[in-house]
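Morning, everyone. Let me take you through one model. Please have the viewer open.

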Amino acid sequence: MTSKSPDLRLSSGVEGLDQILGGGFIPERAYLVKGGPGSGKTTLCLQFLRAGADNGEKSMFISLSETEDQLRDNAAAMGINVSGIEFLHLGPASTFFTEVETYDIFSPAEVERGPITGQIVSAVERLQPRRVVIDTITQMRYLASDPAQYRRQVLSFLRFLSESASTVLYTSEASSEAPDEDLQYLGDGIIELKALNDRRTLCVTKLRGSDFRPGKHTLKMTGRGMEVYARLVPDEHRRNFSLDRLSSGVDSLDAMIAGGIERGTVTTISGPSGVGKSTMVYQFATASAERGELAVVYSFDEELSLILARCEGTSIPVRRLMEQDLLRIEKVEPLILTPDEFAMNVRRQVEESGARMVVLDSISGYRISIRGGDYIIRIHALTKYLSNMGVTVIIVDETNRLTGASYATEGRLSYLSDTIMLLRYIEERNGEGHLEMGRALWIIKKRLSEMDRLIRKFSVTRSGLEIGPPVTRFLRSRHEMIP
Amino acid sequence: MGIKAEVEEAEVKEAGPLILLVDRNLRNLQLLERFLGNAGFLTRPAPDLTALDAAIAEAADGGINLALVDLSGFDSLIWERCRLLRDIGVPFLLLSPRQTDTLQRQSIDHGAMRVMIKPLVSGDLINILKLLLKTDLN
């Protein structure tokens with residue numbers, strides 16, 4: 001409402017929201033927080049004031065509905081400390097209901113507006129707050145005789161607060177009977193909160209004079225208040241790194257891929273269940289850890305105990321490297337995380353713990369476990385971010401067919417993969433003429449180097465992964481592999 | 001007229017016209033007193049028929065410039081008092097939550113200047129009172 005520089009920002013009290021807003025709210029402006037009941041409006045407002053109080057700024061909560069005691073109780077339940085926040089309750093007291101007579105000579109607009117306005121003006125002039133919350137401004141609609149007067153009153157009220165050097169959040173409860181379109185034009189920004197089924201989102205739809213991150217971002221209510229997980233924007237993150245070849249730790253496998261996979265690239269290991277994808281993944285992950293570079297494996301399907309047992313059976317030193325905190329295995333429980341939360345978790349591993357390799361095991365597990373959104377878009381953003389940060393990505397992709405021809409990947413990952421390794425079962429006759437199920441490895445894509453174009457047998461033994469000789473012929477059948 | 005009487009008359013004029021407020025709802029009475037008082041009118045409340053009778057008896061010698069009579073909560077005896085107000089020359093407005101043909105007829109029969117429907121708009125009420133009393137309180 002005034003011409004304060006957009007470079008100055010006030011923290012919203014919610015880290016993720018600050019990221020979405022480009023650093024926080026522009027001071028001395030008014031922002032509409034809209035959403036249905038239970039969507040988190042009051043919690044956001046309390047955190048906004050908490051951040052102000054923590055910063056030594058005078059902060060005032062003007063409530064037109066909930067009492068101070070209710071607000072304090074709710075804040076305590078959400079783990080928000082409200083000390084240092086001034087409350088001004090202007091809703092009806094309980095005596096309003098118990099009074100024998102209520103008036104009907106004038107409308108409530110005539111009777112209540114004057115005293116309420118007077119109390120607000122008096123409190124603002126006395127306290128001179130830097131941060132003000134009005135929860136909810138919708139109540140003022142009932143203090144106006146018509147929509148035009150309501151609009152004038154709200155606009156005038158917000159100007160009064162802004163001219164008093166206050167940054168204002170005002171909430172609205174829109175309904176079909178009382179829509180709040182008019183309010184959306186009055187503020188300098190709009191934050192929309194939604195709680196739909198079991199998913200909460202936050203969306204900034206307006207921020208006058210500043211850019212912001214559009215789209216729906218994940219919102220969570222926790223014992224520490226509101227947490228917002230901003231959508232990952234890969235291009236905001238970049239590090240310098242060299243495209244070193246990273247060994248798998250198995251010479252014969254490295255030989256197939258010109259010495260290794262390149263740092264900061266995406267490798268997809270594709271194949272049917274039980275063919276050895278995870279063993280190959282842990283081979284790469286432990287090789288990274290052995291170089292002293294932290295590898296993080298997100299396991300969507302398998303429990304840690306199973307992973308440890310299998311790796312011990314193939315001499316892959318997962319347990320030792322985990323104990324040295326060079327390898328982390330994060331079991332992702334189904335339907336707990338949203339894509340934004342998962343991306344935030346990955347970011348923390350990269351930016352705070354220094355992870356240099358990230359494994360997603362598997363993409364179908366990710367698709368089932370991570371709630372909401374088009375997973376391929378989210379995976380694209382995540383892998384792009386990791387690549388920009390010089391983190392090597394390995395994605396496990398489970399295919400449905402046991403033998404024979406198939407897609408390179410089932411998860412539509414080919415376009416974002418720099419390297420694709422295809423593991424397959426093959427049917428072959430042994431020396432006695434009996435049918436046997438063997439395994440074959442086929443490098444079908446290597447964007448940054450030459451590769452072994454031969455399809456080779458491989459096996460998983462007690463001493464680890466072993467790459468064998470080329471496959472010379474397949475059993476002729478309807479499952480014949482297409483070269 | 002003696003000096004004392006002249007002074008008293010001047011004080012009344014400065015204080016503004018006196019309006020009799022007839023309303024069984026005490027909250028309504030409080031609000032009317034507040035709004036009209038802020039606008040410069042003097043008011044006298046009458047929350048029941050006894051108080052109204054007393055006011056009418058005193059007003060026979062003058063003093064009440066106008067009456068606002070809220071019909072809500074009164075029975076048909078209120079019409080008798082309306083007639084008395086008319087008879088002693090006190091103009092009055094009737095207040096009602098709704099307009100009906102019967103009310104319209106009764107109000108004319110008993111000499112009301114007009115019927116105003118609640119809730120009132122305070123600004124409109126003040127303007128009507130000023131107009132009726134031909135008073136400039138500014």
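A caution to begin with. This is a predicted model.

Two packed helices are described by the angle between their axes and the distance between the axes. So I will give both for each pair.

Take H12 of chain A, residues 339–351, and H14 of chain A, residues 375–388. Their axes come within 11 Å. The crossing angle is roughly 10 degrees. An angle under 35 degrees counts as roughly parallel, so H12(A) is roughly parallel to H14(A). Who makes the contact? From H12(A) we have A:Pro339, A:Asp340, A:Phe342, A:Ala343, A:Val346, A:Arg347, A:Val350 and A:Glu351. From H14(A) come A:Arg378, A:Leu382, A:Tyr385 and A:Leu386. By class, that contact has 8 nonpolar residues, 4 charged and no polar ones.

Now the other pair. Helix H9 of chain A covers residues 277–290, and helix H10 of chain A covers 304–313. Here the axes are 11 Å apart, and the packing angle is about 80 degrees. The classes here are 3 nonpolar, 2 polar and 1 charged.

Next, empty space. Rolling a probe the size of a water molecule over the atoms shows where empty space is left. How many cavities of 30 Å³ or more does the search of the whole structure find? It finds 2. Look back at H12(A) for a moment.

On to the backbone. Most residues other than glycine have a negative phi, and most peptide bonds are trans. Chain A has some exceptions to look at.

Cis bonds come next. The peptide bond from A:Asp135 to A:Thr136 is cis, with omega near -5 degrees. A:Thr136 sits in the loop between strand S4, 131–135, and helix H6, 147–163. Another cis bond joins A:Asp361 and A:Ser362, with omega about 10 degrees. A:Ser362 is in the loop between strand S15, 357–361, and helix H13, 363–369.

Then positive phi. A:Gln128 is not a glycine, yet its phi is near 50 degrees. You will find A:Gln128 in the loop between H5 and S4 of chain A. Buried or exposed? A:Gln128 counts as exposed, because its relative accessibility is 57% and the cut-off is over 50%. A:Ser315 also has a positive phi, about 60 degrees, without being a glycine. A:Ser315 belongs to the loop between H10 and helix H11, 318–323, of chain A.

Stay with H5 of chain A, residues 108–127, and find A:Gln119 there. A:Gln119 counts as partly exposed, at 39% relative accessibility. Setting aside residues up to four places away in sequence, A:Gln119 touches A:Leu88 and A:Leu90. A:Gln119 and A:His89 are 30 residues apart in sequence. In space, their C-alpha atoms are 9.7 Å apart.

Finally, chain B. Its secondary structure is 6 helices and 5 strands. Along the sequence, the pattern reads α-β-α-β-α-β-α-β-α-β-α. Chain B has 138 residues, and 40% of them count as buried. Take the contacts in chain B with a separation of 6 or more: 62% of them are between residues 24 or more positions apart.

Beyond its neighbours within four places in sequence, B:Pro91 is in contact with B:Asn65, B:Leu66, B:Ala67 and B:Met113. B:Pro91 and B:Ala112 are 21 residues apart in sequence, and 7.1 Å apart from C-alpha to C-alpha.

That is my tour. Over to you.

Definitions and conventions. Residues are numbered from 1 along each chain as its sequence is written. Chains are lettered from A and ligands numbered from 1 in the order in which they are written. This is a predicted model: local features need pLDDT of at least 70, side-chain atom pairs count only at pLDDT 80 or more; totals for chains, interfaces and linings use all residues. Side-chain values use heavy atoms; hydrogens and water are left out. Axes are lines fitted to C-alpha atoms, for helices over the stretch in contact, and angles run from 0 to 180 degrees between N-to-C directions. Helices (H or I, at least four residues) and strands (E, at least two) are DSSP runs, numbered from the N terminus. Angles under 35 degrees count as roughly parallel, over 145 as roughly antiparallel, 65 to 115 as roughly perpendicular and the rest as oblique. Contact means heavy atoms within 4.5 Å. Ala, Val, Leu, Ile, Met, Phe, Trp, Tyr, Cys and Pro count as nonpolar, Asp, Glu, Lys and Arg as charged, and the others, Gly among them, as polar. On a 1 Å grid over the protein atoms alone, a cavity is a set of points where a 1.4 Å probe fits but cannot get out, and a pocket is an open set with protein on both sides within 12 Å along at least five of seven lines; lining residues have an atom within 4 Å of a point. Grid points are joined across faces, edges and corners, and a volume is the space filled by probe spheres set on the points. Buried means under 20% relative accessible area, exposed over 50%, partly exposed in between (1.4 Å probe, protein chains only).
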